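Work through the exercises below with the structure open beside you. Try each task before reading its solution.

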Amino acid sequence: MSTRDIVFIALFAALMAVLGTFPALQVPLINVPITAQSMGVMLAGGILGARRGTLAILLFIVIVLAGLPLLSGGRGGLAVLAGPTVGFFLGWLPAAFVTGLLTERFMPKLNFVTAFLAAVAGGIVVLYACGIPGISLVTGTPLLTAAKGSLAFIPGDLVKAGLAAAIIVTVSKAYPLIETRTARRAG
């Protein structure tokens, strides 16, 4: 891993911390906040790729678990693992990975639609697949009820995926950080 990789990983962990400063909106039925940090997960994977994006999120998770109050609402520490958001929190890792992996696959012909699909697949589908069982497990809420309650997040997450897609495409054209397979073979 190069110094450049380490810098980008740290930069995106810092971006996650900054996104945690935006006020969260509470969804009353399931007591899980809507935050800007899920967009940071999409951006990390979509801009850095699967490996570096996942490492950036892992660094952020480790820092939060170490006690820094970097989650929306100033939360941090091991208590996060006992809360209803634990599935989403830990789901950030596979979400960043899938978003990055799909973005890498689309990279030679990346456009808004393909970046949006990558962000939705990783940042919504994978994240919800981890988060909804977490809500059910921690709160004792039936899985179907947790899934129904999570529907309130879909419109906001689609907007975040759209913003992330626009940023991913813009950054990849201006300063591409994900190498295409052709570039890797040549180098």
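This is a predicted model: local features need pLDDT of at least 70, side-chain atom pairs count only at pLDDT 80 or more; totals for chains, interfaces and linings use all residues.

Residues are numbered from 1 along each chain as its sequence is written, and side-chain values use heavy atoms, with hydrogens and water left out.

**Exercise 1. Confidence**

State the mean pLDDT of the chain, and find which elements have the lowest and the highest mean pLDDT.

Solution. Start with the term: pLDDT is the predictor's confidence in each residue, from 0 to 100. The chain has a mean pLDDT of 91, and 91% of its residues reach 70 or more. Next, take the elements: helices (H or I, at least four residues) and strands (E, at least two) are DSSP runs, numbered from the N terminus. Helix α8 (residues 181-186) has the lowest mean pLDDT, 47, while α3 has the highest, 98. Last, look at residues 182-187, where pLDDT stays under 50. For this stretch the model has 1 contact beyond four places in sequence, contact meaning heavy atoms within 4.5 Å.

**Exercise 2. α1 against α2**

Describe how α1 and α2 pack, and list the residues that make the contact.

Solution. Step one is the geometry. Axes are lines fitted to C-alpha atoms, for helices over the stretch in contact, and angles run from 0 to 180 degrees between N-to-C directions. The axes of α1 and α2 are 8 Å apart, at an angle of about 160°. That makes α1 roughly antiparallel to α2; angles under 35 degrees count as roughly parallel, over 145 as roughly antiparallel, 65 to 115 as roughly perpendicular and the rest as oblique.

Step two is the handedness: α1 passes α2 in a right-handed crossing. A crossing is right-handed if the near helix is turned clockwise from the far one by less than a right angle, and left-handed if anticlockwise.

Step three is the residue list. From α1 come Phe8, Ile9, Phe12, Leu15, Met16 and Leu19, and from α2 come Gln37, Met39, Gly40, Val41, Leu43, Ala44, Ile47 and Leu48. By class, this contact of α1 with α2 has 12 nonpolar, 2 polar and no charged residues. Here Ala, Val, Leu, Ile, Met, Phe, Trp, Tyr, Cys and Pro count as nonpolar, Asp, Glu, Lys and Arg as charged, and the others, Gly among them, as polar.

**Exercise 3. α1 against α3**

Repeat the steps for α1 and α3: at what angle do their axes cross, and how do the contact residues divide by class?

Solution. Helix α1 covers residues 3-19, and its axis comes within 8 Å of that of α3, crossing at roughly 50°. The two helices are therefore oblique to each other. The crossing of α1 past α3 is right-handed. Contact residues of α1 include Arg4, Asp5 and Phe8, and those of α3 include Arg51, Arg52 and Leu55. The division for α1 with α3 is 12 nonpolar, no polar and 4 charged.

**Exercise 4. α2 against α7, and Lys160**

Describe the packing of α2 and α7, then decide whether Lys160 is buried or exposed.

Solution. Helix α2 (residues 37-48) and helix α7 (residues 154-174) have axes 9 Å apart, at an angle of about 30°. That makes α2 roughly parallel to α7. Their crossing is right-handed. Among the contact residues are Ser38, Met39 and Met42 of α2, and Asp157, Lys160 and Ala161 of α7. The classes for α2 with α7 are 10 nonpolar, 2 polar and 2 charged.

Lys160 lies in helix α7. Its relative accessible area is 10%, so Lys160 is buried; buried means under 20% relative accessible area, exposed over 50%, partly exposed in between (1.4 Å probe, protein chains only). Leaving aside neighbours within four places in sequence, Lys160 is in contact with Ile34, Thr35, Ala36, Ser38, Met39 and Met42.
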